[in-house]
Amino acid sequence: AVSGQPAPANPAAQALQRWDGRHRWWDGRSAPVAVAFSAGADSTALLLAARARWPARVVALHVNHGLQSAAGAFEAAARASCLSLGIALVVRRVDAAHAAGQSPEDAARQARYRALAAMAHELCAPGVLLGHHADDQAETLLLALSRGAGLPGLAAMGEAFERHGARFGRPLLEVPAAALRDWLRAARHAFVEDPSNA
């Protein structure tokens with residue numbers, strides 16, 4: 001902390017505490033706490049929050065789609081971050097080639113969820129935490145509107161759901177991306193910038 005001021009609290013930690021109070025996937029269990037970790041700002045803040053809440057039980061899961069030229073750098077950054085934090089890391093490389101009529105983004109998303117679910121099952125983790133935040137939620141709604149989605153298509157992302165036989169949680173849906181980035185910079189935690197976010 002600068003000039004005797006206490007360090008600011010990780011906004012992801014506060015959101016994770018509230019989310020865990022509602023879902024309690026790890027209550028009374030010693031199972032691993034799996035966090036999807038891209039090494040970007042949102043997943044970095046979430047990983048740090050999870051490590052603070054469940055010391056020595058967190059496992060980071062990194063999926064390398066190989067779709068961007070920076071994919072190798074993202075994986076290297078994830079490895080370096082986890083090594084410096086003392087957090088176990090599991091990496092899965094996937095083939096995210098899209099089928100005819102399928103968007104590359106959708107193919108990558110499906111491959112990512114399949115890989116995360118498989119890793120969670122192998123670890124016997126009760127679920128996987130995802131770093132989707134308030135900006136992602138707003139973007140999802142705007143995309144649905146632009147595509148002329150009906151009421152079901154305009155439903156917001158859920159804070160917990162199941163896919164490929166695994167549970168996924170989104171504790172950060174009420175946290176703006178800027179709050180996560182500001183905290184990481186203030187606390188001097190490194191993260192990678194995904195050029196596709198631009």
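Modeller: Begin with burial: a residue counts as buried when its relative accessible area is under 20%. Keep in mind that this is a predicted model.

Biologist: Is Pro171 buried or exposed?

Modeller: Pro171 has a relative accessibility of 6%, so it is buried. It sits in the loop that links strand S6 (166-169) to helix H6 (177-186).

Biologist: Which residues does Pro171 touch, leaving out those up to four places away in sequence?

Modeller: Pro171 touches Ala15, Leu16, Trp19, Leu46, Leu129 and Leu130. As for distance along the chain, His133 is 38 residues from Pro171, and their C-alpha atoms are separated by 8.0 Å.

Biologist: How do I read the packing of two helices?

Modeller: Two packed helices are described by the angle between their axes and by the distance between those axes. Here, helix H1 (residues 11-23) packs with helix H2 (residues 41-53) at about 60°, the axes being 8 Å apart. H1 and H2 are therefore oblique to each other. The crossing of H1 past H2 is right-handed.

Biologist: Which residues of H1 and H2 make the contact?

Modeller: H1 contributes Ala12, Ala13, Leu16, Gln17 and Asp20, while H2 contributes Ala45, Leu46, Ala49, Ala50 and Arg53. By class, this contact of H1 with H2 has seven nonpolar, one polar and two charged residues.

Biologist: And how do I read a strand?

Modeller: In a regular strand, side chains alternate between the two faces of the sheet. In strand S1 (residues 33-36), Val33 and Val35 point one way and Ala34 and Ala36 the other, and all are buried. S1 runs parallel to strand S2 (residues 58-64), joined to it by four bridges. Opposite Ala34 stands Val59 in S2.

How values were computed
Residues are numbered from 1 along each chain as its sequence is written. This is a predicted model: local features need pLDDT of at least 70, side-chain atom pairs count only at pLDDT 80 or more; totals for chains, interfaces and linings use all residues. Side-chain values use heavy atoms; hydrogens and water are left out. Helices (H or I, at least four residues) and strands (E, at least two) are DSSP runs, numbered from the N terminus. Buried means under 20% relative accessible area, exposed over 50%, partly exposed in between (1.4 Å probe, protein chains only). Contact means heavy atoms within 4.5 Å. Axes are lines fitted to C-alpha atoms, for helices over the stretch in contact, and angles run from 0 to 180 degrees between N-to-C directions. Angles under 35 degrees count as roughly parallel, over 145 as roughly antiparallel, 65 to 115 as roughly perpendicular and the rest as oblique. A crossing is left-handed if the near helix is turned anticlockwise from the far one by less than a right angle, and right-handed if clockwise. Ala, Val, Leu, Ile, Met, Phe, Trp, Tyr, Cys and Pro count as nonpolar, Asp, Glu, Lys and Arg as charged, and the others, Gly among them, as polar. Two strands pair if DSSP finds at least two bridges between them.
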